[in-house]
Amino acid sequence: MAQPPGLLAQLPPEPIRLELSRHVYLERRRADWWPRRNVLRDYDLFYGVEGAAVFELDGRPLRIGRGEALLVPPGVPTAARTEGRAFLAFAQHFRLTVYEDIDLFTLIRWKPLVRLPLEATLLTRWRQLAARGPARADALELHAVFFYVLERFIRRAYLGEVAEHPSQA
């Protein structure tokens with residue numbers, strides 16, 4: 001079965017804008033962690049490294065484990081808990097817009113959770129960089145890995161359908 005053409009390949013580069021709201025961070029949560037429910041102002045992309053967690057997005061449980069990526073959208077009540085042991089994930093808050101601040105993810109149908117295996121060397125390097133903290137000179141390299149993960153996520157999560165945006169009706 002042929003995959004749909006890459007969504008980003010269909011857009012000229014000028015109207016695409018990616019804003020990173022904070023640094024790429026390593027999310028470490030102990031066993032039986034359950035934070036209070038919150039609502040984000042931007043997207044948060046998690047990549048599971050060790051263990052597993054169940055995120056409740058607007059009451060819908062989604063389990064993320066090693067080698068899986070989960071996109072938490074803004075404005076959705078969210079909580080998470082670990083499954084018996086510690087959970088380790090990379091995460092990045094961001095906004096991805098096209099053409100005058102239209103949220104890209106509102107234009108397409110996508111899956112919030114996808115299997116996304118990364119090469120061991122890339123994952124090892126990401127861990128080394130994240131362990132040093134955000135103020136290091138290699139923060140740009142951390143972001144480069146995030147860009148790679150985000151692009152792979154969009155390819156796998158994209159269901160091949162573009163929604164009609166209200167401004168186009």
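Glu19 is partly exposed, with a relative accessible area of 31%; here buried means under 20% relative accessible area, exposed over 50%, and partly exposed in between, for a 1.4 Å probe and protein chains only. Glu19 forms a salt bridge with Arg17, whose closest N and O atoms are 3.1 Å apart. The term salt bridge stands for a side-chain nitrogen of Lys or Arg within 4 Å of a carboxyl oxygen of Asp or Glu. Arg17 is partly exposed as well, at 39% relative accessibility. Arg95 joins Arg17 and Glu19 in a network of salt bridges.

The structure is a predicted model, in which local features need pLDDT of at least 70 and side-chain atom pairs count only at pLDDT 80 or more, while totals for chains, interfaces and linings use all residues. Residues are numbered from 1 along each chain as its sequence is written, and side-chain values use heavy atoms, with hydrogens and water left out.

The protein has three helices and twelve strands; helices (H or I, at least four residues) and strands (E, at least two) are DSSP runs numbered from the N terminus. Of the 169 residues in the protein, 47% are buried. Among contacts between residues at least 6 apart in sequence, 77% join residues at least 24 apart, a contact being heavy atoms within 4.5 Å.

Back to the charged side chains, where the salt bridges come to a count of five. Side chains of opposite charge can pair when their charged atoms come close. In one of these pairs, Arg81 meets Glu56, with the closest N and O atoms 3.9 Å apart. Glu56 is buried, with a relative accessible area of 18%, whereas Arg81 is partly exposed at 31%. Another salt bridge joins the side chains of Glu151 and Arg155 at 2.2 Å, N to O. Glu151 and Arg155 are separated by about one helical turn because they are four residues apart in helix 3 (residues 139-157). Arg155 is exposed, with a relative accessible area of 55%, and Glu151 is partly exposed at 22%.

Glu56 also features in the surroundings of Pro77. Pro77 is placed in the loop between strand 6 (68-72) and strand 7 (78-82), and is partly exposed with a relative accessible area of 28%. Although Pro77 and Glu56 are 21 residues apart along the chain, their C-alpha atoms are separated by 7.9 Å. Leaving aside residues up to four places away in sequence, Pro77 touches Arg37, Asn38, Val39, Glu56, Leu57 and Asp58. Asp58 sits in the loop between strand 4 and strand 5 (60-65) and is exposed, with a relative accessible area of 58%. The phi of Asp58 is near 55°, a positive value in a residue other than glycine. Most residues other than glycine have a negative phi, and most peptide bonds are trans.

Attention now turns to the aromatic rings. There are eight aromatic pairs, where rings of Phe, Tyr and Trp (its six-membered ring) pair if their centres lie within 6.5 Å, and planes under 30 degrees apart count as stacked, over 60 as edge-to-face and the rest as tilted. Tyr43 and Phe94 form a stacked pair, 5.7 Å centre to centre with 25° between the planes. Tyr43 lies in strand 3 (residues 43-50) and Phe94 in strand 8 (residues 87-98), so the pair ties together parts that are 51 residues apart in sequence. Both Tyr43 and Phe94 are buried. Ring pairs link Tyr43 and Phe94 with Phe105, Trp110, Phe146 and Phe147 in a cluster.

A search of the whole structure finds one cavity of 30 Å³ or more; on a 1 Å grid over the protein atoms alone, a cavity is a set of points where a 1.4 Å probe fits but cannot get out, and lining residues have an atom within 4 Å of a point. The largest cavity has a volume of about 30 Å³, volume being the space filled by probe spheres set on the points. Ten residues line the largest cavity, and Leu45, Phe90, Ala91, Trp126 and Phe146 lie nearest its centre. Strand 3, strand 8 and helix 3 each supply at least two residues of this lining.

Note on methods. 1 Å grid on protein atoms, 1.4 Å probe; cavity = no way out; pocket = protein on both sides within 12 Å on 5 of 7 lines; lining within 4 Å.
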